[in-house]
Amino acid sequence: MGRKVLVLGEVRDGALRNVSFEAIAAGKTVSEGGEVVAVLLGDSVSSLATELVSYGADRVVTVEHENLNAYTSDGYAQALMAVIEQESPEGLIFGHTALGKDLSPKIASRLNSGLISDATQIEEAGGNIVFTRPIYSGKAFEKKIVTDGLIFATIRPNNIASLQKDESRTGEVSSISVDVKDLRTIIKEVVRKATDGVDLSEAKVVVAGGRGVKSVEGFEPLKELADVLGAAVGASRGACDADYCDYSLQIGQTGKVVTPDLYIACGISGAIQHLAGMSNSKVIVAINKDPEANIFKIADYGIVGDLFEVVPMLTEEFKKLLV
Ligand code: FAD
């Protein structure tokens, strides 16, 4: 028979974030042949619904209201609770993003439900839906099942493969009207940091710099390599603390957690707090002039050398292959 699973579509700058499609794929596993219903919240989002269907959603429910223009936990919780009351799902999946991390505990508490956060894998095994999630800053993994009631989880971006896009798929799109009001937080203005395009937490390739980069200008060769690879630029806290780059680039225990296909660490020693944010990357390349640097212990490929020589050489070689 299967379950009905609601998944939250996340919109940024008028476009769906990839984690929305990954949540649909996760929802399919949790639904065990039931129905996956995607939810879209915003002030003008219904035009995005068909894309969710093409990535596998069986249905889409939208809630549009001017107070959903910018994310607030109050506004989103009101709108989402209205959808949950209408749909009575047996499963709920959000992305483990800044939004998902803020909203999911609030919804879990309103539903008196448990929550499995930051799942990196979901599978059916022995008649159960088994969630894998990292613990102890990624040094170990635990497996969890829900024995009773709602199955509610957030999924780490870039870990669960989305389904193949199929534009011939069809699915019903409906809307419900919710009077989103009494918000305790009003967003007056959103001031964005200027970033170089690729979203760090969803990037397939990350080029990260550490204190070995030595200055703001020292990041330039890394940015050039990132441009050629279509990568996002990240950093260690060492580089952020030294003011070589903005804290929004920090990766690690107290920064962003990334899981790209390729992580290139340049002049980063590999402190445990940094590894907590990137050790699950699929392929790790480390460039460091110290052959004893800890980062080499987890690197798939290590280059012992001066990053200011190695990085431009890599850029030139990749240019020949890719540009
Ligand atoms: P360093 O440790 O100074 O390493 C610099 C490296 O660059 C060295 O290995 C050196 O050999 C190499 N190098 C120098 N010059 C060159 C060159 N020309 N070419 C090649 N290699 C070169 N850190 C994080 O990154 N993220 C976090 O989220 C985080 N959270 C923390 C939370 C707590 C509570 C604490 C206590 C610490 C946290 N840290 C975090 C800090 C962490 O412990 C390290 O201090 C930090 O990661 C070190 O940054 P780094 O590797 O860039 O610098």
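Before we start, keep in mind that the model is predicted: local features need pLDDT of at least 70, side-chain atom pairs count only at pLDDT 80 or more, and totals for chains, interfaces and linings use all residues. Residues are numbered from 1 along each chain as its sequence is written, and side-chain values use heavy atoms, with hydrogens and water left out.

Let us begin with the ligand. It has 26 residues around it, and the ones that come nearest are Arg211, Ser236, Thr254, Ser269 and Asn288. Here a residue is near a molecule if one of its heavy atoms lies within 4 Å of it. Helix H6 (237-241), helix H7 (272-275) and helix H9 (307-322) each give at least two residues to this shell. Helices (H or I, at least four residues) and strands (E, at least two) are DSSP runs, numbered from the N terminus.

Which atoms face the ligand's oxygen atoms? A polar backbone atom of Arg211 is 2.7 Å from a ligand oxygen, and a polar backbone atom of Gly255 is 3.4 Å from a ligand oxygen. In Gln273 the side chain takes part, with an N or O atom 2.8 Å from an oxygen atom of the ligand. Taken alone, the ligand exposes 990 Å², and the protein buries 76% of that. Such accessible areas come from the Shrake-Rupley method with a 1.4 Å probe; for residues, only the protein chains shown count as cover.

Now to the cysteines. How many disulfides does the structure hold? It holds zero. A disulfide is a covalent bond between the sulfur atoms of two cysteines, and here it is counted when a pair of cysteine sulfur atoms lies within 2.5 Å. The sulfur of Cys240 has its closest cysteine sulfur in Cys245, but at 3.8 Å that is too far for a bond. For Cys266 the closest cysteine sulfur is again in Cys245, and at 12 Å that is also too far. Cys240 is buried at 1% relative accessible area, and Cys266 is buried at 0%. Buried means under 20% relative accessible area, exposed means over 50%, and partly exposed lies in between (1.4 Å probe, protein chains only).

Next, look at some loops. Glu10 sits in the loop between strand E1 (4-9) and strand E2 (11-12), and it is buried at 5% relative accessibility. Its side chain makes a polar contact of 2.5 Å with the side chain of Thr97. A polar contact is a pair of N or O atoms within 3.5 Å; within protein, one must be able to donate a hydrogen and the other to accept it, and residues adjacent in sequence count only if both atoms are side-chain atoms.

Backbone angles come next. Most residues other than glycine have a negative phi. Ser88, in the loop between helix H3 (73-87) and strand E6 (91-95), has a positive phi of about 45 degrees although it is not a glycine. Asn158 has a positive phi near 75 degrees; it lies in the loop between strand E11 (151-155) and strand E12 (172-175) and is buried at 7%.

Finally, consider some distances. His274 lies in helix H7 and is buried at 6%; its C-alpha atom is 35 Å from that of Leu111, 163 residues apart along the chain.
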